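Reader: I have a model open and want to learn how to read it. Where do we begin?

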Amino acid sequence: MFFLQNLNNWFSKTNLGNRQIDSLKVWLRESGLLDKNNKPTTIAQLLSKMVNKCELLVWEIVWTNLYYNVNLIRWYLDTIEWGINIPGKDLVTKLLKDDSTAKEKTAKNAISSLLNLFDCSPIGYEFQIGIIEKRGRERYVKKIGTDDIHPLAVAYSLYKAAEHIGRRDFTVSELYTKEFKGGPYKLFGISKDKLERILRGLQEDKEQILRVDLVADLDNIYLRDDLSSLDIVKIAEARLK
């Protein structure tokens, strides 16, 4: 989070080499933190005010952005089951099988980068999306997930999904299908009971962030037409002042 803590002068403060800086710029664009001109985005400016107060919420927002912008992360979340414990070499094999155009060296480098992200960020251990365990020279990955997700991160993931899917009403059951593109279960592995408690809380929130029907056989979620994912970040930043 060095970038967010030094938003206006991060380039002059870093001791990375030129190639590392270029790689970082790509990652920051994929995270939604830099625009195509390598300028900090509005979300980056908001998150920079939040990072020292609630770093995990910042990471939850960044992880949501990465799902929609990085094919490798979307592949991992879409195809690797929750609860699995898998060696890195098997992830390489699966990636090569799922992507017939991928080269072995490219696939190895991609999986290595993914495991490094898990190993050096809260995504791996705090969120338990990719807990790394070394056994000899091999790295294994446990994909467990967590219920300990900030309610506004849940809201952000839903509004982000709505923007990509093109509709603002879902069912809770739908979020737990393989086909759903994003959402709090796909991204974080949150249990249905915990998700429903969070959804009820978001309905009762003073901003009335969403509306739900969670009675009898109903499990409907309705997002507001006048709110965007960016608005959710603005709400989060205002509450952390």
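**Reading the sheet and the rings**

Author: Start with a strand pair. S1 and strand S3 (residues 138–143) pair in the antiparallel sense over four bridges. Strands pair if DSSP finds at least two bridges between them. Strands (E, at least two residues) and helices (H or I, at least four) are DSSP runs, numbered from the N terminus. This is a predicted model: local features need pLDDT of at least 70, side-chain atom pairs count only at pLDDT 80 or more, and totals for chains, interfaces and linings use all residues. Residues are numbered from 1 along each chain as its sequence is written, and side-chain values use heavy atoms, leaving out hydrogens and water.

Reader: Which residue of S3 is the bridge partner of Pro 87?

Author: Tyr 140.

Reader: What is the strand order of the open sheet?

Author: S1-S3-S2, with antiparallel pairing. The edge strands, S1 (84–87) and S2 (131–135), each pair on one side only. Neighbouring strands are turned by 25° against each other on average, direction ignored. For such angles, axes are lines fitted to C-alpha atoms, for helices over the stretch in contact; the angles run from 0 to 180 degrees between N-to-C directions.

Reader: Which helix lies across S2 and S3?

Author: Helix H8 (residues 104–119), running at about 65° to S3. Contact means heavy atoms within 4.5 Å.

Reader: Now the rings. How is an aromatic pair described?

Author: By the distance of the centres and the angle of the planes. Rings of Phe, Tyr and Trp (its six-membered ring) pair if their centres lie within 6.5 Å; planes under 30 degrees apart are stacked, over 60 edge-to-face, the rest tilted. A search of the whole structure finds eight aromatic pairs. Take Trp 82 and Tyr 185: their centres are 6.3 Å apart and their planes at 55°, so the pair is tilted. Trp 82 lies in the loop between helix H6 (71–79) and S1, and Tyr 185 in helix H12 (residues 183–188), so the pair ties together parts 103 residues apart in sequence.

Reader: Is Trp 82 buried or exposed?

Author: Buried, at 19% relative accessibility. Buried means under 20% relative accessible area, exposed over 50%, partly exposed in between (1.4 Å probe, protein chains only). Tyr 185 is partly exposed, at 24%.

Reader: What about the rings of Phe 170 and Phe 180?

Author: Their centres are 5.3 Å apart and their planes at 85°, so this pair is edge-to-face. Phe 170 is buried at 3%, and Phe 180 is buried at 4%.
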